[in-house]
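Here are my notes on the model you sent. Please keep the structure open while reading the points below.

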Amino acid sequence: MKVEQIETAVEEIHPQVIAWRRHLHAHPELSFEEVETSAYVVEQLQVMEGIEVTRPTKTSVVGRLKGLAGAGKTIAMRADMDALPIQEDVDEPYRSKNDSVMHACGHDGHTSMLLGVAKVLSDARENLVGEYVFLFQHAEEVPPGGAIEMVRAGVLNGVDHVLGMHLWSIEKLGKMQLTVGPMSAASDIFDVKIIGKSGHASAPDDAIDALAIAAQIVSNLQMIVSRSLSPLQSGVLSITRFRSGEAYNVIPQEATFGGSVRALTEEVRETIKEKIEQISDMVAKAHGATIEFHYEYGYDPVYNDETLMPIVEKTLRQFEDLEIEYIEPMLGGEDFSAFSNVVPSCYIGVGALKERDGKYYPHHHPKFEIHEDAFKNGMRYFLSVATTLAQQ
Ligand SMILES: [Zn+2]
Ligand SMILES: [Zn+2]
């Protein structure tokens, strides 16, 4: 689609997108429980001409639209739909009607924008080439996440690229943030249990002190990032829990600690995981104890394809008021990786900062709010990049 055509269509649909967003904002649902949200999305898509609607999982929705002007690539666009277990503290007419559930990450905006994009493309389908797939995804906030379930249900069959985005409440309106390569981190959790031998505090020689051994392991693990990773690679190992012992006069039999691992590549992720187990095991053995190691993989890193990003940048530069910047990867997790692991994809950040009384709030905050004008920029991205890629 041409820029002028996109601008007119986006202006026209914007009030409807705001209305959709406010409805969704008032009726948030938690991850894997998006029953009314997905039904609402189906209802809106069904009245758009040319869109075939399917339900790959219980609470996700997929719309498919064929351009009528000829063959081209198949481009999918993804919006997540879930809310968070947070009591909203924003006084607006559209505030959450559901106690202790709130759209505090902006997924209501993502869903509404993608509905707007579906409507615009449906109206323009006579002149479009290729095919467009609208992925309304459940459960982004809770691993293992909804994206992987949708991929397993076959939603990427025949899809060439997937486009995703996140509205950022902490970035200025008009900002479009691009990254090449990994844009979010793998985020995993782990626990280590040290099993020693209990005894009286006055007779340590008869015991195997799990607490003292665990303390040594915790300090040894600090060597992994500083000594086992290349200084040019990044990774995080944070030990955030430690439990052992109850009494003043008993040497504890067990100690357990755990924490979080973040990495931008599989190599770093696996190095950190292996070293945690190896160091814990060997230090424990040296003192006569044994360990149990539990590691849980979270989301993989989201990967932005190197060949797509220059096309995305060039396409976005057609909108002169947008401020495009390349940023470093973030160390948060995002399950869009389930899509970007399968086909070359692109995921960007869209500034949506809205000040209230001189303040603004981060994602997952009870006072979180987004700027509704940012929906126009999200739609400009989806519409311009998807229709450009469909012609490649
Ligand atoms: Zn979130
Ligand atoms: Zn989010």
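1. Pro144 sits in the loop between β4 and α4; helices here are DSSP runs of H or I with at least four residues, strands are runs of E with at least two, and both are numbered from the N terminus. A cis peptide bond joins Pro143 and Pro144, with omega about 10°. Most peptide bonds are trans, and most residues other than glycine have a negative phi.

2. Before going on, note that this is a predicted model, in which local features need pLDDT of at least 70 and side-chain atom pairs count only at pLDDT 80 or more, while totals for chains, interfaces and linings use all residues. Residues are numbered from 1 along each chain as its sequence is written, chains are lettered from A and ligands numbered from 1 in the order in which they are written, and side-chain values use heavy atoms, with hydrogens and water left out.

3. Ala139 is also found in the loop between β4 and α4. Its phi is near 50°, a positive value in a residue other than glycine. Ala139 counts as buried because its relative accessibility is 0%; buried means under 20% relative accessible area, exposed means over 50%, and partly exposed lies in between (1.4 Å probe, protein chains only).

4. Ser100 has a positive phi too, about 60°, although it is not a glycine. Ser100 lies in the loop between β3 and α3. With a relative accessible area of 39%, Ser100 is partly exposed.

5. Ser96 belongs to the loop between β3 (74–80) and α3 (107–123). Is Ser96 buried or exposed? Its relative accessible area is 12%, so Ser96 is buried. The side chain of Ser96 reaches two backbone oxygens: that of Asn98 at 2.9 Å and that of Val101 at 2.7 Å. A polar contact is a pair of N or O atoms within 3.5 Å; within protein, one must be able to donate a hydrogen and the other to accept it, and residues adjacent in sequence count only if both atoms are side-chain atoms. Not counting residues up to four places away in sequence, Ser96 touches His25, Ala26, Pro28, Glu88 and Val101; contact means heavy atoms within 4.5 Å.

6. Which residues carry the UniProt feature "binding site"? The unreviewed UniProt entry places it at Cys105, His107, Glu141, His166 and His364. They span 260 residues in sequence, yet no two of their C-alpha atoms are more than 13.5 Å apart, so they gather at one spot. From this set, Cys105, Glu141, His166 and His364 belong to the lining of the largest pocket. UniProt positions are given in the numbering used here, feature names are shortened, and annotations may be inferred rather than shown by experiment. On a 1 Å grid over the protein atoms alone, a pocket is an open set of points with protein on both sides within 12 Å along at least five of seven lines, and lining residues have an atom within 4 Å of a point.

7. Glu141 is placed in the loop between β4 (131–137) and α4 (146–152). At 18% relative accessibility, Glu141 counts as buried. Leaving aside neighbours within four places in sequence, Glu141 is in contact with residues including Cys105, His107, Tyr299 and His364.

8. His364 lies in the loop between β16 (345–351) and α9 (374–390). His364 is partly exposed, with a relative accessible area of 37%. Among the residues that His364 touches, not counting those up to four places away in sequence, are Leu84, Ile86 and Glu141.

9. Ser337 lies in helix α8 (residues 337–340). Ser337 counts as buried, at 3% relative accessibility. A polar atom of its side chain lies 3.3 Å from the backbone oxygen of Glu334. Ser337 touches Tyr299, Asp300, Pro301 and Val302, not counting residues up to four places away in sequence.

10. How many aromatic pairs does the structure hold? There are six. Rings of Phe, Tyr and Trp (its six-membered ring) pair if their centres lie within 6.5 Å; planes under 30 degrees apart count as stacked, over 60 as edge-to-face and the rest as tilted. Phe336 and Phe339 form an edge-to-face pair, 5.8 Å centre to centre with 65° between the planes. Both Phe336 and Phe339 are buried.

Notes:
1 Å grid on protein atoms, 1.4 Å probe; cavity = no way out; pocket = protein on both sides within 12 Å on 5 of 7 lines; lining within 4 Å.
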